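Below is a structure to explore through a handful of exercises, each followed by a worked solution.

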Amino acid sequence: MKITFEKEAICTAVIPLFSGISNKNSFPAADGILIEAGADGVCVLTTYDFEKGVRVSLEADVIEPGDAIINAAKFSQTVRAMEGSHVTLTVDSKNCATIVSGKSSHTMSALSAKDFPEIPRLISQQGFHISGQILRNMISKCIFAMGVNDQRVVLNGLFFHVNGENLKLVSCDSFKMAVCGTNANIDALEDADKEFKFIVPNRSVTELYKLLGNATKEDDDVCIYINRKNIIFVMGDVIFFSKLIEGEYINYDRIILKNHRIMVYADRENLLSALERAALITEEKVAGSSGRSHVKLETGDGILKISANSGAGSAYDEVSTMREGDDIVIAFNNRYLMDCLRACTADRVRLSLSSALASMNIEPADPETEETAGDSELFMLLPVRMKD
């Protein structure tokens with residue numbers, strides 16, 4: 001195999017490929033890029049770690065067609081270090097790879113393409129189109145609430161529910177939940193089903209989020225194909241694919257409390273700033289302590305009192321609010337509470353509460369006036385028991 005790439009093109013193509021490589025993999029071929037050079041002048045680069053993978057196609061001067069696996073990290077570092085505008089890769093019959101650019105050359109070991117993990121079938125008639133920017137924004141609201149190593153396997157990922165022109169994403173662990181919906185620009189493929197439900201693993205969601213930021217423009221669509229065990233996201237020349245989590249997602253709608261008797265309205269940025277100041281106490285690690293301390297919220301006349309205590313000291317703050325219902329004193333894990341508020345896009349939020357032991361809902365205070373009118377977002381957080 002012998003191929004000549006434009007240096008800038010190959011450097012750009014390699015970046016998304018790292019989303020298909022896991023640091024925990026001990027299988028050498030899974031740490032590499034499968035390079036397939038065809039006689040038609042198209043070079044296909046693939047990475048796959050048995051759970052998720054990336055495929056990128058780019059034009060190249062294919063002098064001698066062929067295929068081989070080259071370690072991704074070494075290949076990327078070597079190509080970037082070259083000074084020429086073009087890079088020539090040659091792999092001989094003994095799997096010795098030589099990279100030449102200008103007057104520089106570098107050799108490294110390659111592997112046979114036959115050693116590459118078997119890639120799942122990347123073709124399906126079922127799927128839909130959605131704006132890449134909309135999808136990325138929705139993922140940003142839910143990514144923090146996905147479970148990690150939860151005993152309920154279905155919670156270790158992001159739940160997608162497509163119903164007609166509506167898309168809803170849900171993530172949940174033992175403490176928090178995020179639900180985000182949109183009815184904008186969801187187009188099913190021709191002859192495809194109108195309803196889909198699937199769960200994408202958390203590691204795959206994290207890499208997809210990165211790729212959507214790098215590979216899509218505001219007006220670019222992402223084409224999503226679904227088969228029984230895999231999901232495929234096509235973003236221009238980049239294809240990201242992942243295994244799905246098997247199983248039925250929890251009945252999240254039943255868990256969300258809807259008849260709260262206390263409503264607190266606050267400016268999101270002001271509330272978040274106060275919590276960040278309290279984090280100087282709640283996040284401080286003190287020798288002999290059992291872990292992070294909670295933040296306590298107490299309603300008053302037109303204010304929300306925010307306090308925290310730990311072995312490192314104490315903090316107190318006040319935020320102007322409007323309240324409907326009785327006073328309440330409740331405590332939360334401060335980091336989780338800040339994550340919920342950061343994910344919310346509204347300028348003003350509504351905190352819906354019932355008791356010191358019941359979950360709190362965080363929603364836009366005026367959803368009909370938001371720029372995202374027609375969309376929805378809700379964040380639910382369980383409180384912690386107060387020791388003082």
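The exercises go from the overall layout to single residues, and the model you are looking at is a predicted one.

**Exercise 1. Get an overview of the protein chain: its helices, strands, span and buried share.**

Step 1: Start with the secondary structure. The protein chain has seven helices and 26 strands.

Step 2: Now look at the extent. The C-alpha trace covers about 80 × 55 × 35 Å along its principal axes.

Step 3: Check the burial. The chain has 388 residues, and 50% of them count as buried.

Step 4: Finish with the contacts. Taking those with a separation of 6 or more, 68% are between residues 24 or more positions apart.

**Exercise 2. Find the largest nonpolar core and say which residues have the most contacts inside it.**

Step 1: Count its members. The largest nonpolar core has 97 residues.

Step 2: Ask which element gives the largest share. That's helix 6 (residues 268–282), with seven residues.

Step 3: Look for another core. There is a second, separate one of 14 residues, and Leu-155, Ile-199, Ile-245 and Met-380 are among them.

Step 4: Zoom in on Leu-89. Setting aside neighbours within four places in sequence, its contacts include Met-1, Ile-3, Phe-5, Ile-35, Ile-70 and Phe-75. Further along the chain, Leu-89 also touches Ala-97, Thr-98 and Ile-99.

**Exercise 3. Classify two aromatic pairs as stacked or tilted: Tyr-48 with Phe-50, and Phe-160 with Phe-198.**

Step 1: Know what to look at. A pair of aromatic rings is described by how far apart the centres are and by the angle of the planes. The whole structure holds ten aromatic pairs.

Step 2: Take Tyr-48 and Phe-50. Their ring centres are 6.1 Å apart and the planes meet at 40°, so this pair is tilted.

Step 3: Compare burial. Tyr-48 has a relative accessible area of 4%, so it is buried. Phe-50 comes out at 36%, which means it is partly exposed.

Step 4: Move on to Phe-160 and Phe-198. With centres 4.8 Å apart and planes at 15°, the pair is stacked.

Step 5: Phe-160 belongs to strand 11 (residues 157–163) and Phe-198 to strand 15 (residues 195–201), 38 residues apart, so the pair links distant parts of the chain. Both Phe-160 and Phe-198 are buried.

Step 6: Look for a bigger group. Phe-27, Tyr-48, Phe-50 and Phe-241 form one aromatic cluster.

**Exercise 4. Which rings have the charged end of Arg-136 or Lys-176 over them?**

Step 1: Arg-136 has its charged end over the ring of Tyr-209, 4.0 Å from the ring's centre.

Step 2: Lys-176 lies over the face of Tyr-336, with 3.9 Å to the ring centre.

**Exercise 5. Find the largest cavity and name residues that line it.**

Step 1: Count first. There is one cavity of 30 Å³ or more.

Step 2: Get its volume. The largest cavity takes up about 40 Å³.

Step 3: List the lining. It is made of Val-264, Leu-297, Thr-299, Leu-304, Ile-328, Ile-330, Leu-351 and Leu-353.

Step 4: Strand 20 (294–299) and strand 24 (348–353) each supply at least two residues.

Step 5: Look at Thr-321, which lies in strand 22. At 12% relative accessible area, Thr-321 is buried. Beyond residues up to four places away in sequence, Thr-321 touches Val-264, Tyr-265, Ala-266, Gly-302, Ile-303 and Leu-304.

Methods. Residues numbered from 1 in each chain as written. Predicted model: local features only at pLDDT ≥ 70, side-chain atom pairs only at ≥ 80, totals over all residues. Heavy atoms only, no water. Core = buried A, V, L, I, M, F, W, Y, C linked by side-chain atoms within 4.5 Å. Buried < 20%, exposed > 50% of the residue type's maximum accessible area, 1.4 Å probe, protein only. Helix = DSSP H or I, 4+ residues; strand = E, 2+ residues; numbered from the N terminus. Contact = heavy atoms within 4.5 Å. Phe/Tyr/Trp six-rings, centres within 6.5 Å; stacked < 30°, edge-to-face > 60°. Lys NZ or Arg CZ within 6 Å of the ring centre and 35° of its normal. 1 Å grid on protein atoms, 1.4 Å probe; cavity = no way out; pocket = protein on both sides within 12 Å on 5 of 7 lines; lining within 4 Å. Points joined across faces, edges and corners; volume = space filled by probe spheres on them.
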